[in-house]
Amino acid sequence: MWFRTLACAASLLVGISGASPSAAGMKRIAVVPFESTAEFRGTPLSRGLTDMIITELVKLGGVQVIERAQLERLMDEHRLRADGLLDPATAVAAGRVLGVDYLLGGRITEFGVKENRTLLGGVAEAVAGARYKQSTARVVLDLRLVDASTGRILLARSVQAEDRSASVGLAGGRLRDLVLIGNFETTEWAESRIGRATRKAVSEVVQSLAPYFPPVGRVSAVYERDGTRYAILDLGAFAGLAPGRELRIYRETVVRDSEGREVWREARDVGRVRVEEVRNDSTRAVIVTEDPAVQEGDLFTWERQPQPAEERK
């Protein structure tokens, strides 16, 4: 029943919400609310984790992330369930309804702190609702990335993060109270073991997605000097560009139906450029190869290399 409803909605909305890339050629992704553990089901934990992932995905670049409020509105309007969105059998129809190319979601399988109180002079001290102790905060997320155009599961993995630092930490009851408040931007949350473990897990999630979403930029201008052709690009050091890097230049063709709606988009490689000079938000690159000629408005990208785990810590 759910699938039939979704399929009907998709047939009505395709071309309205659209699943097309942005003007800069970026794909769109929806972060589906993660299913919480039984202990925290019904609390703001899932919503907070979703917001954290969305924030880091936006920083990553290379992909457009639809806002959580927009996703929730569309899910309510079309009675979509989070578990159904990630089902390969219905992901294509869901992607068309939501206007996205990828669906990201999963399950919080572990979330908590194992406490081992530290005895000071034979007495366990408690200060303002927190205990001085050695403890381990642990967060485990089961992650799934689905291609909404094919229903194929692109990535399925478990992300684990721990924090064992010796500091003032949240007691079990205080942890639940903080989650129920739903404010994951407080200093108390940020400095707690579970807060640090959660940030590590979110970072691991986003970095595992990085190779699927290489940055996309645009050629701002093309000019020639002393027999050499140059391209000015609209991304720079802030996007990770550096002298010597080679970039792929490509051109997109948009196919529209008789009513002007985009129904297809295809890309053709036109050449490569080599970065010569980089500023914060722009780059000058030497055109190495071109066929046909590179021109203003062409797009460029490069392969994003996954960051080594030791550098992310």
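1. Welcome! R229 counts as partly exposed, at 24% relative accessibility (buried is under 20% relative accessible area, exposed over 50%, and partly exposed in between, with a 1.4 Å probe and protein chains only). The model is predicted: local features need pLDDT of at least 70, side-chain atom pairs count only at pLDDT 80 or more, and totals for chains, interfaces and linings use all residues. Residues are numbered from 1 along each chain as its sequence is written, and side-chain values use heavy atoms, without hydrogens or water.

2. R229 meets E290 in a salt bridge, 2.6 Å from N to O (a side-chain nitrogen of Lys or Arg within 4 Å of a carboxyl oxygen of Asp or Glu). R229 sits in strand β11 (residues 228-233) and E290 in strand β14 (residues 283-290), so the contact ties together parts 61 residues apart in sequence (strands are DSSP E runs of at least two residues, helices H or I runs of at least four, numbered from the N terminus). E290 is partly exposed too, at 29%.

3. Next, look at R138 and E110, whose closest N and O atoms are 2.8 Å apart in their salt bridge. R138 is partly exposed at 24%, and E110 is partly exposed at 35%.

4. E204 also bridges to R157, with the closest N and O atoms 3.6 Å apart. Because E204 lies in helix α8 and R157 in strand β8 (residues 153-163), the pair ties together parts 47 residues apart in sequence. R157 is partly exposed, at 30%.

5. How many salt bridges does a search of the whole structure find? It finds 20.
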